[in-house]
Amino acid sequence: MIRLAGVGKTYDDGTVAVQQLDLDVRRGELVCLVGPSGCGKSTTLKMINRLIEPTTGTIEIDGRDVTGQDPVRLRRDIGYVIQQVGLFPHQKILANVMTVPLLHGESKEFARGRARELLELVGLDPARYADRYPHQLSGGQQQRVGVARALAAKPPVLLMDEPFGAVDPLVRLRLQDEFLRLQDELGVTVVFVTHDIDEAVRLGDRVAVFGPGGRLAQYDTPARLLGRPADDFVADFVGSTSGLRRLQVIPLDPAHLEPMDGVRAGDLSAAIDVDATLGEALAVLLNDDRGVVGVKQGAQFVGVLTPNGIHRALRAALAEMAQVS
Ligand SMILES: Nc1ncnc2c1ncn2[C@@H]1O[C@H](COP(=O)(O)OP(=O)(O)OP(=O)(O)O)[C@@H](O)[C@H]1O
């Protein structure tokens, strides 16, 4: 869906922001660009919607070179969400979200309906929030309005630059979860900039780690990035707690469950879904006094998980990861 080939950006003052960047993003994929401050993540994002022109290389969206397209039109067709949200302070929330469909030439009535639908989708009840002004909303709520507005024109591509950077960690987790659900539902292709490796591995189907001087250090799935960092820089950036982070990306393995024999469903105080990750399973287990968690598929219990089961699942996943690398 998006293809960058040999893309570079050197600013007028000689700063090399991005070097020889090759990056493919598949349709419907969520790709995170992550790295320390100043390594060219925002510059890369802004080259995709032509807020910044590359010095070298080509950028294609859906097979079409973006440099051949009218930048205003291009930006109208690509959703863009930034940390400072950029809501119009003197317009009510509904009017803020209606802006983009109106720009696309839709009728007021259509735009109003679409805006209400979008507010609902991002978890803001229109009956409660549509008539408020931006300053009457919390930071997290404003951020959701920003996401709703960017999605209002059903863009095939959404660019997000640290969209959840300014909200507290708990709200951020919730926004991340909601955004994952939304992205899955809408099937939109997303490029998401963050400097937070935890956010990147949580959200990304694939993660691009940028190093100093705008060099792409590794582009991989979260599991491989954490399990097999390409070099010392990536290993360092991923950090010493990568073992714990890895838990967040490894699925629970049903082979490591123990049978329900002798355990009555009514005695289990905690249960998780069989689609959970090892990290989620561990979190539930740690909160349970008995050290045993029921695992469900739909409404049915399919087994129980104990600390030993988690340990076995983790060992097996790491062995498998080492084999494919
Ligand atoms: N207009 C500009 N003129 C000159 N240099 C610039 C300009 N904009 C950005 N830079 C430089 O380009 C490099 C990359 O900046 P960019 O904003 O892309 O990094 P980033 O990875 O997004 O950083 P952060 O995480 O801090 O937002 C930095 O060294 C920055 O100082």
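Figure 1. The protein chain has an average pLDDT of 87, and 95% of the residues score at least 70. Confidence is highest in strand β3 (residues 30-34), with a mean of 97, and lowest in helix α11 (residues 242-247), where the mean is 67. Where pLDDT is low, the predicted coordinates should not be read in detail. For the model, the scores are ipTM 0.95 and pTM 0.77.

**Figure 2. Helix α4 and the helices against which its buried residues pack.** Helix α4, which runs over residues 108-121 and has 14 residues, reaches 20 Å from its first C-alpha to its last, close to the 20 Å expected at 1.5 Å a residue. Its buried residues are A111, R114, A115, L118 and L119. These residues lie on the same side of α4, because they cover an arc of only 135 degrees around the axis. An α-helix has 3.6 residues a turn, so residues three or four places apart point the same way. The buried residues of α4 pack against α3 (93-103), α5 (126-129) and α6 (139-151). Just after α4 comes G123, which takes a positive phi of about 85 degrees.

**Figure 3. The open sheet formed by β11, β12 and β13.** Three strands make up this open sheet, in the order β11-β12-β13, and their pairing is mixed. At the edges are β11 (271-273) and β13 (300-305), each of which pairs on one side only. From one strand to the next, the twist averages 35 degrees. Strand β12 (residues 293-297) pairs with β11 in the parallel sense over three bridges, and A271 stands opposite G294 in β12. Strands of a sheet pair through backbone hydrogen bonds, either parallel or antiparallel.

Figure 4. Most residues other than glycine have a negative phi. R50 is partly exposed, with 18 other C-beta atoms within 10 Å. E162 is partly exposed, with 19 other C-beta atoms within 10 Å, whereas a buried residue would need 20 or more.

Terms used
Residues are numbered from 1 along each chain as its sequence is written. This is a predicted model: local features need pLDDT of at least 70, side-chain atom pairs count only at pLDDT 80 or more; totals for chains, interfaces and linings use all residues. Two strands pair if DSSP finds at least two bridges between them. Helices (H or I, at least four residues) and strands (E, at least two) are DSSP runs, numbered from the N terminus. Axes are lines fitted to C-alpha atoms, for helices over the stretch in contact, and angles run from 0 to 180 degrees between N-to-C directions. pLDDT is the predictor's confidence in each residue, from 0 to 100. The expected span of a helix is 1.5 Å times one less than its number of residues. A residue is buried if 20 or more other C-beta atoms lie within 10 Å of its own, exposed if 12 or fewer, and partly exposed in between; C-beta atoms are placed from the backbone. The arc is that of the directions from the helix axis to the C-beta atoms. Two residues are in contact if their C-beta atoms, placed from the backbone, lie within 7 Å.
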